[in-house]
Amino acid sequence: MNAALLNEISEKLQRGKAKDVSALVTQALEEGISAEAILNEGLVVGMNLVGDKFRNNEVFVPEVLVAARAMNAGLKILKPVLSNEGVEPLGTAVICTVKGDMHDIGKNLVKMMIEGQGIACVDLGVDVEPAAIVAAVKENNAQLVCLSALLTTTMMGQKDVIDALVEAGIRDTVKVMVGGAPITQAFADEIGADCYTLDAASAAREAKRLILEMKGA
């Protein structure tokens with residue numbers, strides 16, 4: 001396996017060079033490197049390093065966004081090949097901003113970071129009713145629900161979703177992750193969420209951990 005090429009994919013991703021990442025992913029496939037290896041040892045490694053730098057305040061949201069876009073450029077090429085190779089996503093997450101809240105930058109960043117862990121994301125967008133989230137969990141057999149709230153006035157929307165999952169009888173089939181500017185660990189505990197993270201990089205790591213936990217890995 002061409003370790004140097006996979007390392008170059010990781011490096012270009014970290015620098016947000018989407019066109020270079022696309023070209024290198026295509027080259028790696030042409031050289032016979034498996035799509036799974038390109039994903040795990042190129043894109044995921046690169047995105048994890050960006051996440052580490054983000055947590056350490058070495059890079060900031062704009063740099064993470066361009067890195068995530070570069071990762072998505074690579075994923076666009078890899079997805080059909082992964083499917084043909086029979087490589088399944090690690091799991092499925094339903095992600096959205098709760099009812100009454102129109103903010104999407106944080107949610108979009110978390111989504112891209114989670115996808116970088118090999119997890120399929122069903123993005124319901126913003127201002128989402130609890131019933132729509134319940135329906136998406138059932139329809140996609142999701143293991144994880146990620147809820148964003150950026151306003152103190154919409155925080156309780158996260159509890160409404162958890163209550164709806166309980167009412168639907170599927171609360172024990174999913175893990176619920178919450179985040180957003182006004183959210184705290186204490187609030188997450190109070191509403192019965194399974195996980196709270198302060199930033200997108202941590203959310204991606206925790207998403208992977210929670211899904212593996214749900215699958216008994």
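Modeller: Happy to. First, a term for what follows: axes are lines fitted to C-alpha atoms, for helices over the stretch in contact, and angles run from 0 to 180 degrees between N-to-C directions. This is a predicted model, where local features need pLDDT of at least 70, side-chain atom pairs count only at pLDDT 80 or more, and totals for chains, interfaces and linings use all residues. Residues are numbered from 1 along each chain as its sequence is written, and side-chain values use heavy atoms, leaving out hydrogens and water.

Let us take H3. Helices are DSSP runs (H or I, at least four residues), numbered from the N terminus. H3 covers residues 35-55, so 21 residues in the DSSP run, and its first and last C-alpha atoms lie 28 Å apart, close to the 30 Å expected at 1.5 Å a residue. That expected span is 1.5 Å times one less than the number of residues. At Val44, H3 bends by about 30°; the bend is the angle between axes fitted to the seven residues ending there and the seven starting there. Just after H3, Asn57 has a positive phi of about 60°.

Now its partner H9 (residues 200-214). The axes of H3 and H9 come within 8 Å and cross at roughly 130°. That makes H3 oblique to H9; angles under 35 degrees count as roughly parallel, over 145 as roughly antiparallel, 65 to 115 as roughly perpendicular, and the rest as oblique. The crossing of H3 and H9 is left-handed, a label used if the near helix is turned anticlockwise from the far one by less than a right angle, with right-handed used if clockwise. In contact (heavy atoms within 4.5 Å) are Asn48, Gly51, Asp52, Phe54 and Arg55 of H3 with Ala200, Ala201, Ser202 and Arg205 of H9. By class, the residues of this contact divide into 3 nonpolar, 3 polar and 3 charged. Here Ala, Val, Leu, Ile, Met, Phe, Trp, Tyr, Cys and Pro count as nonpolar, Asp, Glu, Lys and Arg as charged, and the others, Gly among them, as polar.

H3 also meets H2 (residues 18-30), where the two axes come within 10 Å and cross at roughly 140°. H2 and H3 are therefore oblique to each other, and their crossing is right-handed. Val21, Val25, Ala28 and Leu29 of H2 touch Ala35, Ile38 and Leu43 of H3. This contact of H2 with H3 has 7 nonpolar residues, no polar and no charged ones.

Terms used. Helices (H or I, at least four residues) and strands (E, at least two) are DSSP runs, numbered from the N terminus.
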